[in-house]
Amino acid sequence: MAMVIRWVVGKSIHGWDRAQRQRGWPWLLASAQAWQDLEFSKLQASQISWSVPFSTLVWGGLTFRALANASDMIVHGHEMRNCTASCTPKSKSHNTLFVAVSKFSGKCVATGSYRFIDGAWRLCGAKGPANRELSQVLLRPMYHFAEHIPFSADFAAVPLIWEAGK
């Protein structure tokens, strides 16, 4: 009961819709547990961060937000229900920049990963919610955005890889 109350207070929940009310106690308990697990993961990861070439850029009708720390990766991965949360510093051979891509409405529609290869940024991966493939309408501006990512000599891309299957 205490965990459910912390979840309600922590998320500032003021009520549920009809479908949520019909799910009952098992749904409340599972939702509170998922929230507590996410909060614990964020707390553990809060110390891990890295340099990114920008914070937020708007281009091609989309907003690109660089994921600058492990907590960002975990929260974004949970929001998108994709494998971003499982990205970990494992390989020094990949210089990768992860970005959350949103529409102007604020709705997050994709996760993109860019690599700095041969002196230029290139889109190397893009996934939608639940790791779905993206349409060409969304992929095209993400691909061209790579040309607009700033570069600075002191930027050190975070060495991350996308772990498949998690």
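The model described here is a predicted one. In α4 the buried residues are L138, P141, M142 and F145. Seen down the axis of the helix, these buried residues fall within an arc of 100°, so they line one face of α4. They pack against β1, β2, β3, β4 and β5. On the face of α4 turned away from the buried side are the exposed residues Q136 and Y143.

## Overall layout

The protein chain has 166 residues, of which 37% count as buried. It contains 4 helices and 5 strands. Read from the N terminus, the elements follow the order α-α-β-β-α-β-β-β-α. Among contacts between residues at least 6 apart in sequence, 60% join residues at least 24 apart.

In general, the strands of a sheet pair through backbone hydrogen bonds, in either a parallel or an antiparallel manner. The pairs of this sheet can be taken in order. β1 and β2 run antiparallel and are joined by 4 bridges, with L57 opposite F64 in β2. Between β2 and β3 there are 5 bridges, again in the antiparallel sense, and the bridge partner of A66 is V99 in β3. β3 and β4 pair in the antiparallel sense over 7 bridges, and V101 stands opposite A110 in β4. β4 and β5 run antiparallel and are joined by 7 bridges; here S113 has G125 in β5 as its bridge partner.

## Hairpins and positive phi values

Two of these strand pairs are described as hairpins. In the hairpin of β1 and β2, 2 residues lie between the strands, and G60 takes a positive phi near 60°. The hairpin of β4 and β5 also has 2 residues between its strands, and D118 in the turn has a positive phi of about 50°.

## The nonpolar cores

The largest nonpolar core has 18 residues; F54, F64, L97, V101, Y114 and M142 touch the most other members. At least two residues of this core come from each of β2 (62-66), β3 (96-103), β4 (108-117), β5 (120-127) and α4 (136-145). Apart from this core lies another, of 7 residues, including M3, V4, L28 and A32. In soluble globular proteins, nonpolar side chains tend to be buried together.

F64 has contacts from several parts of the chain. Not counting residues up to four places away in sequence, F64 touches F54, S55, T56, L57, W59, V99, A100, V101, Y114, P141, M142 and F145. Among these, P141, M142 and F145 are buried residues of α4, and L57 is the residue that stands opposite F64 in the sheet. Strand β2 is mostly covered, with 4 of its 5 residues buried.

## Helix α1

Which residues of helix α1 are buried? In α1 (residues 2-10), they are M3, V4 and W7. Viewed down the axis of α1, the buried residues fall within an arc of 100°, so they line one face of this helix. M3 and V4 are also among the members of the core of 7 residues.

## The salt bridge

The structure holds 1 salt bridge. It is formed by E133 and K127, whose closest N and O atoms are 2.9 Å apart. Are the two partners exposed or partly exposed? E133 is exposed, with a relative accessible area of 62%, while K127 is partly exposed, at 23%.

Terms used. Residues are numbered from 1 along each chain as its sequence is written. This is a predicted model: local features need pLDDT of at least 70, side-chain atom pairs count only at pLDDT 80 or more; totals for chains, interfaces and linings use all residues. Side-chain values use heavy atoms; hydrogens and water are left out. A nonpolar core is a set of buried Ala, Val, Leu, Ile, Met, Phe, Trp, Tyr and Cys residues joined through side-chain atoms within 4.5 Å. Buried means under 20% relative accessible area, exposed over 50%, partly exposed in between (1.4 Å probe, protein chains only). Contact means heavy atoms within 4.5 Å. The arc is that of the directions from the helix axis to the C-beta atoms. A salt bridge is a side-chain nitrogen of Lys or Arg within 4 Å of a carboxyl oxygen of Asp or Glu. Two strands pair if DSSP finds at least two bridges between them.
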